[in-house]
Amino acid sequence: YGKLGVIGAMKEEIELFHEHMEQVRESAKAGITFYEGVFHGKSIVLCKSGVGKVNAAVTTQILIDTYGVEAVIFTGVAGAVDPSLNVGDIVVSTECLQHDMDVTALGFPRGTIPYEATSVFAADTGLRSAAAGASRELFGAVKKGRVLSGDQFIASRETVQMLHQELQGACVEMEGAAVAQACSMNGIPFVIIRSMSDKADGSAHVNFAEFTVQASENSYRIVDQIVKRL
Ligand code: ADE
């Protein structure tokens, strides 16, 4: 895959990576700090995008244009949408969709980006199967599914139901589909790895605060294994 970009949105989601990278060189663009270095003998560029789709899209484009990454892995936490998922479980993206893209008033289905060939961005099959293999080996299980993204922290059972039934989501977060679209627009392979910090319900804010560090570590361990296998 050549040079790899690794993105997390928050400090907790990138710090283990940062600790384990070697020969780190730091630089900044658009207010984002990029860490170029070596991980399992491979050339990687790590960064913290910040929260939300705009941060994620801008960061991804910079990784591609300025740092020349040839594949992108996102690592972090998400709210569970599929009822079979528990806190700590891993989701490997099969594809990504922006759940807050809403042009229903003009007759487009929820999540559809008007006048584009597709609104669903498929993850790279090689990165996906490396991730699924790593997850099975480390945790004995893996959920492969659709990652939904929007500029909203979801904390309601009704919304979760809609995201599951209407949009077929496995989990919900705030960056993956933006990374996915930016990568697709540039012909760059990607995969999103998320560990569940909460169930996006009425207790989501409490669970998120309590479980983000553990879930971030689970996600890190998957990406660690993926990079080792590449
Ligand atoms: N990331 C982690 N939990 C989330 C939630 N409930 N909604 C959106 N993003 C999240």
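A residue counts as buried if 20 or more other C-beta atoms lie within 10 Å of its own, as exposed if 12 or fewer do, and as partly exposed in between, with C-beta atoms placed from the backbone. The model is predicted: local features need pLDDT of at least 70 and side-chain atom pairs count only at pLDDT 80 or more, while totals for chains, interfaces and linings use all residues. Residues are numbered from 1 along each chain as its sequence is written.

**View 1. The whole chain.** Buried residues make up 47% of the 230 residues. The C-alpha trace spans about 50 × 40 × 30 Å along its principal axes. The chain contains six helices and 10 strands, which are DSSP runs (helices H or I, at least four residues; strands E, at least two) numbered from the N terminus.

**View 2. The annotated span.** An unreviewed UniProt entry carries the annotation "domain: Nucleoside phosphorylase" for residues 3-228; such annotations may be inferred rather than shown by experiment, and positions follow the numbering used here, with feature names shortened. This span is 37% helix and 31% strand, and its end C-alpha atoms lie 14 Å apart.

**View 3. Surroundings of Ile192.** Ile192 belongs to strand S10, residues 190-198. Ile192 is buried because 32 other C-beta atoms lie within 10 Å. Leaving aside residues up to four places away in sequence, Ile192 touches Phe74, Ser93, Cys96, Ala123, Val147, Gly176, Val179 and Ala180; contact requires C-beta atoms, placed from the backbone, within 7 Å.

**View 4. Ile192 and His205.** The C-alpha atoms of Ile192 and His205 are 22 Å apart in space, and the two residues are 13 residues apart in sequence.

Methods. Two residues are in contact if their C-beta atoms, placed from the backbone, lie within 7 Å.
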